[in-house]
Amino acid sequence: MKNRTLYISDLDGTLLGTDSLISERSAQIISELSQQGALITVATARTPATVVPLLADTITTPPAIVMTGCAWWNRREARLSNLHFIPGADVAAALEMCRDYGVAPFVYVLSEDGATLDVYHESKSLNIAEEQFYNERTNLPLKRFHLGTPPPRRAFEYSILFYAMGESEDITQAAEAFREKTECTVCTYPDIFNPQFFNFEIFPPGMTKATAVRELKKQMQAERLVVFGDNLNDLTMFAEADLAVAVGNALPEVKNAADVVIEPNYTDAVARFIAEDFKKILSK
């Protein structure tokens, strides 16, 4: 096939609809295209614990990029690969910085079984966004929460991600202060579900969606990369793409950085765009 293309979509606000699910129509389109040889996958801040059920009815073949590139999830083998960890000194510094600014992060630590994530949150008290986040994930098989529990010693070797949700000013100040002390990747962006809150993420040095999509493009031996997104944390992979596509509900900054703006996420726009683009490739 000429022009081997890899299609990578963000999930929340992009491939997922307003109900935070992949619609039956999008699932059918993507599954049929994958069976025809199209290379379609996702790049998300989510962990396998939520990605696995979301993709349950959708056939994809390349690994899913999870935790904003810190790992890949191989669906067929049900395992994590290409793992990257935060250096121990940065784990300690991040914990101290968050405490100084009154931010309580969820700390993701790879468990000894190599597939499950243990998630530690020092405070037993959760804000509205944290409580919603916790309630939606507390019973998932690939993730175990430990509320009111400081990260254990293992966290200083196997922490993959820090993720916090809080008031914009607190989050921004904590993020800026930590950026000055670390080479880790630090990302802040508005929460699309709770606009009054901001998200704050810390990843291993050099890790972004851009790093992951670049590595996956190479592994899949793709000649062309098409990406889809809606939020600020998608901008890095936009810069790596041969074609960057923003959904109609994307933030203005994302639309400005895109090569193409399509309809909103709730119209199956991503799946329909891939179908049209792949059809053009097949016809060449």
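User: At what angle do helix 4 and helix 7 pack?

Analyst: Helix 4 (residues 88-100) and helix 7 (residues 168-179) pack at about 145 degrees, and their axes lie 10 Å apart. Axes are lines fitted to C-alpha atoms, for helices over the stretch in contact, and angles run from 0 to 180 degrees between N-to-C directions. Helices are DSSP runs of H or I, at least four residues, and strands are runs of E, at least two, numbered from the N terminus. This is a predicted model, where local features need pLDDT of at least 70, side-chain atom pairs count only at pLDDT 80 or more, and totals for chains, interfaces and linings use all residues. Residues are numbered from 1 along each chain as its sequence is written, and side-chain values use heavy atoms, without hydrogens and water.

User: Which hand does the crossing of helix 4 and helix 7 have?

Analyst: Helix 4 passes helix 7 in a right-handed crossing. That label applies if the near helix is turned clockwise from the far one by less than a right angle, and left-handed if anticlockwise.

User: Which residues make that contact?

Analyst: Helix 4 gives Asp90, Ala93, Ala94 and Met97, and helix 7 gives Ala174, Ala177 and Phe178. Contact means heavy atoms within 4.5 Å. Six of these residues are nonpolar, none polar and one charged. (Ala, Val, Leu, Ile, Met, Phe, Trp, Tyr, Cys and Pro count as nonpolar, Asp, Glu, Lys and Arg as charged, and the others, Gly among them, as polar.)

User: Why are helix 2 and helix 11 called roughly parallel?

Analyst: The axes of helix 2 (residues 24-35) and helix 11 (residues 269-283) cross at roughly 25 degrees and come within 9 Å. Angles under 35 degrees count as roughly parallel, over 145 as roughly antiparallel, 65 to 115 as roughly perpendicular and the rest as oblique. Helix 2 and helix 11 are therefore roughly parallel. Helix 2 passes helix 11 in a left-handed crossing. Arg25, Ser26, Ile29, Ile30 and Leu33 of helix 2 meet Ala271, Arg272, Ile274, Ala275 and Phe278 of helix 11.

User: What lines the largest pocket?

Analyst: Its lining has 42 residues, with Asp12, Ser20, Arg46, Arg137 and Phe193 nearest the centre. Helix 5 supplies the largest share, five residues. The lining divides into 18 nonpolar, eleven polar and 13 charged residues.

Conventions
On a 1 Å grid over the protein atoms alone, a cavity is a set of points where a 1.4 Å probe fits but cannot get out, and a pocket is an open set with protein on both sides within 12 Å along at least five of seven lines; lining residues have an atom within 4 Å of a point.
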